[in-house]
Amino acid sequence: MNNKQEKIVEILIKKGKKLLNQPYKRIIFTKNSDANDLLNDIENYPHVFVLACMMNRQIKAERAWLISYEISNEIGGFEFFRFLTISQEEFREMFMRKNLHRFNDTMAKNFYLGIQKLHKDYNNDASNIWKGKPRSATVVKRFLEFKGVGVKIATMAANILAREFKIPMSDYICIDISPDTHVNRVFKRLGFISKSASDHELIYAARELNPEYPGIFDLSCWEIGRKWCKPKKPDCDNCYLYRYCPRKI
Ligand code: SF4
């Protein structure tokens, strides 16, 4: 790594730590304010957040985050016991009728199985997944145990819990960077990975750059990608990494 890359890493880590240490701020998951209120209330309705995380597969995030809210409206409330009384077939009917997901059949089943798992393994309280200052590996592993949840969702969920909800964890070693399209593009243009690099290369590059918390680059790179480092015509002049970036566009 050359001096300029070292400087970029230093800036991004500083920015990431600032985001991690700033007080909790309401998260804007969707354009629907009521849904955001519900998803932010992990003290009273932690299952709504967990189930919404599970739906984040091959559809736009905005749509996925809304699913558990839409289901809550269908079943007359947000409390866990209401979800627990619904059969797999009833969920399937709701998913189909409201066209909640690209894969309605599979995701209705995963949604149902997720509720059953929260009932059996977490005593009807999804916050038991992250209670008691667990290791980051424990949180990621617990999310992975839900049907249909892969590494991408599990690390995204752990990252949101640590960084946004300020859930204490005893370490951040297993909170990887999320291979989001903006993050990917920024890492390539910064020269940390090649233009043809896979998601795995991105994940390992972040681990190499900051092993204590690889996911620390997530939000700052996502923000750079959204604001300045756009797919076409990046606004390098206004990007705060301009001085050091090799601009591999
Ligand atoms: S300087 Fe340009 S290429 Fe580099 S990260 Fe910023 S916007 Fe992207």
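In which hand does helix 4 pass helix 6 in their crossing? In this predicted model, the crossing of helix 4 past helix 6 is right-handed.

## Packing of helix 4 and helix 6

Helix 4 spans residues 61-75 and helix 6 spans residues 88-98; the two pack at an angle of about 110 degrees, and their axes lie 11 Å apart. Because angles of 65 to 115 degrees count as roughly perpendicular, helix 4 is roughly perpendicular to helix 6.

On the side of helix 4, the contact is made by Ile-67, Glu-70, Ile-71, Glu-74 and Ile-75. Helix 6 contributes Phe-91, Met-94, Phe-95, Arg-97 and Lys-98. By class, the residues of this contact comprise 6 nonpolar and 4 charged, with no polar residues.

## The largest pocket

The largest pocket holds about 1,500 Å³ of space. It is lined by 39 residues, of which Ala-61, Trp-65, Asp-180, Leu-219 and Trp-222 are the closest to its centre.

The lining of the largest pocket divides into 16 nonpolar, 8 polar and 15 charged residues.

## Elements that line the pocket

Two or more residues of the lining come from each of helix 1 (3-21), helix 4, helix 9 (151-164), helix 10 (181-189) and helix 12 (218-227). Helix 9 gives the most, with 7 residues.

Definitions and conventions
Residues are numbered from 1 along each chain as its sequence is written. This is a predicted model: local features need pLDDT of at least 70, side-chain atom pairs count only at pLDDT 80 or more; totals for chains, interfaces and linings use all residues. Side-chain values use heavy atoms; hydrogens and water are left out. Axes are lines fitted to C-alpha atoms, for helices over the stretch in contact, and angles run from 0 to 180 degrees between N-to-C directions. Helices (H or I, at least four residues) and strands (E, at least two) are DSSP runs, numbered from the N terminus. Angles under 35 degrees count as roughly parallel, over 145 as roughly antiparallel, 65 to 115 as roughly perpendicular and the rest as oblique. A crossing is left-handed if the near helix is turned anticlockwise from the far one by less than a right angle, and right-handed if clockwise. Contact means heavy atoms within 4.5 Å. Ala, Val, Leu, Ile, Met, Phe, Trp, Tyr, Cys and Pro count as nonpolar, Asp, Glu, Lys and Arg as charged, and the others, Gly among them, as polar. On a 1 Å grid over the protein atoms alone, a cavity is a set of points where a 1.4 Å probe fits but cannot get out, and a pocket is an open set with protein on both sides within 12 Å along at least five of seven lines; lining residues have an atom within 4 Å of a point. Grid points are joined across faces, edges and corners, and a volume is the space filled by probe spheres set on the points.
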